[in-house]
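Dear colleague,

Please find the structure below, handed over for your use. The notes that follow set out what was found in it.

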Amino acid sequence: MIQAAAFHFVLLTSEGKGTLIKLVYFSRKDSSLESVGNGVQVEEVGLVTSSKKYPILDGKLHFAKFQTSKINECLDFIESKLLHGSCCSHQEISDKKQLLIKATGGGAYKYADLFREKFGIRLDKEDEMDSLVAGANFLLKLRICAVPREAFTYMEGQKDFVQIDASDLFPYLLVSIGSGVSMIKVDGDGKFELVSGTSLGGGTLLGMGMLLTNCQSFDEFLELSHKGDNRNIDMLVRDIYGVTGYSKLGLSATTIASSFGKVSFDNKELKDYKKEDLARSLLRMISNNVAQIAYMNAGHGQLKRIIFGGFFTRGHEYIMETISDGVQYWSKGKAKAMFLRHEGFLGALGAFKSYEKHGLGSLMGHHLTEQSPVASPR
Ligand SMILES: Nc1ncnc2c1ncn2[C@@H]1O[C@H](COP(=O)(O)OP(=O)(O)O)[C@@H](O)[C@H]1O
Ligand SMILES: CC(C)(COP(=O)(O)O)[C@@H](O)C(=O)NCCC(=O)O
């Protein structure tokens, strides 16, 4: 069977070392696209139509990511999976609509020529913020309709999937932690406002992490941070006020008073510190800072739900725990941090959703009914 649906993929890219290309594509139920190929991990989510009217939508969404610096791996993958159109009938190829591929982020501009030259396809650019919001709403609403296990909270080492009532979804604060951090108040479909942001984001963590620890990748950095103890680097309240902390102000002895503060008192050089401790401290600093700014932009607890997207969290427990603790601490329990399983694919999914304009609107009316992670995208 011809896999016309293979065209339905979206590319979200952005500039810079260490950032990622996210690829989302759709395959029909009867497609022979395999989940894992060429060493690339692909996660699948099954989609099943609820009516006979759009049988073409029976199938799966596939999620894959590539390092921006290895764009060729992405191109080879597209070629190997025949996502660029060579699998389609002449009639489909002659239909220009089929040769249009949705793309968002900086890479949609940067790689437009490359895609045209290599595959003869046009990257149809979608606005990044529109796409992020549409992707988040898509996941949250599908979750509301039918899919278990998309949105969850993470507290005290426990992941709890959350049942959100459709009538109670908006407004929420979407915090996208990518290279930088954008904070968006979402009031409905297509209704949102960028309320704040911070340049201290995932790129900061990775950039400073590379300088401080000589690590070569995000994963290596995370690995180091797992083994570290930030108390050797950070100044805690107890280092200033003693073991009782500053109880009058509600600051416990173990609260970080000053990230990296201990270093300012040590007469030491970088080589004297453990890379693991530096990594842990940096991770806490960035995560705490994002949590605190998010809390302030959630109207000091007025927006009950703060949803974190972007590849920074990547399901990493310690990052999620730190963010959750921060939101809990600052909001005195009024607001909750929530995470999404496909947090890094919001823009790509939102751009995918924009195929609606080309007559695939019915997709959104259908429910995700099964999740079969053949391989984790993390
Ligand atoms: N495998 C990875 N390679 C590089 N960065 C990663 C990786 N996994 C997670 N990250 C983190 O995700 C951030 C990029 O997040 P992302 O949502 O892809 O943002 P952007 O849209 O800016 O590319 C990086 O700055 C880094 O902190
Ligand atoms: C410019 C961006 C929207 C780009 O998104 P990203 O690639 O970081 O995911 C984001 O980095 C951002 O909002 N930065 C913070 C800018 C600020 O408000 O200080």
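Axes here are lines fitted to C-alpha atoms, for helices over the stretch in contact, and angles run from 0 to 180 degrees between N-to-C directions. Helices (H or I, at least four residues) and strands (E, at least two) are DSSP runs, numbered from the N terminus. The model is predicted: local features need pLDDT of at least 70, side-chain atom pairs count only at pLDDT 80 or more, and totals for chains, interfaces and linings use all residues. Residues are numbered from 1 along each chain as its sequence is written, while chains are lettered from A and ligands numbered from 1 in the order in which they are written.

I begin with a helix pair. Helix α7 (residues 218-226) packs against helix α9 (residues 275-297) at an angle of about 100°, and their axes are 7 Å apart. The two helices are therefore roughly perpendicular to each other, a term that covers angles of 65 to 115 degrees (under 35 is roughly parallel, over 145 roughly antiparallel, and the rest oblique). Contact means that the C-beta atoms of two residues, placed from the backbone, lie within 7 Å. On the α7 side F221, L224 and S225 take part, and they meet K275, E276, A279, R280 and L283 of α9. By class, this contact has four nonpolar, one polar and three charged residues. In that count Ala, Val, Leu, Ile, Met, Phe, Trp, Tyr, Cys and Pro are nonpolar, Asp, Glu, Lys and Arg are charged, and the others, Gly among them, are polar.

As to the chain overall, its secondary structure comes to 11 helices and 16 strands. One buried residue is F352, with 27 other C-beta atoms within 10 Å; F352 belongs to helix α11 (residues 346-353).

Next comes a sheet. Seven strands form an open sheet in the order β8-β7-β15-β14-β9-β10-β11, with mixed pairing; two strands pair if DSSP finds at least two bridges between them. Its edge strands, β8 (158-161) and β11, each pair on one side only. From one strand to the next the twist averages 30°. Strands β14 (residues 305-309) and β15 (residues 336-340) pair in the parallel sense over four bridges, and R305 stands opposite K336 in β15. Helix α10 (residues 317-331) lies across β7 (151-155), β14 and β15, and runs at about 80° to β7.

β10 and β11 pair in the antiparallel sense over seven bridges, with L194 in β11 as the bridge partner of I184. They form a hairpin with two residues between them, and G190 in the turn has a positive phi of about 70°.

Two ligands remain. A residue is near a molecule if its C-beta atom, placed from the backbone, lies within 6 Å of it. Around ligand 2 there are 11 residues, the closest being G178, S179, G180, S182 and G197. β10 (181-188) and β11 (191-198) are the elements that give two or more residues to this shell. The shell of ligand 2 divides into one nonpolar, 10 polar and no charged residues. Ligand 1 has 17 residues around it, of which T19, G178, S179, G202 and F311 come nearest. Helix α6 (residues 202-213) gives the most to the shell around ligand 1, with four residues.

Terms used. A residue is buried if 20 or more other C-beta atoms lie within 10 Å of its own, exposed if 12 or fewer, and partly exposed in between; C-beta atoms are placed from the backbone.
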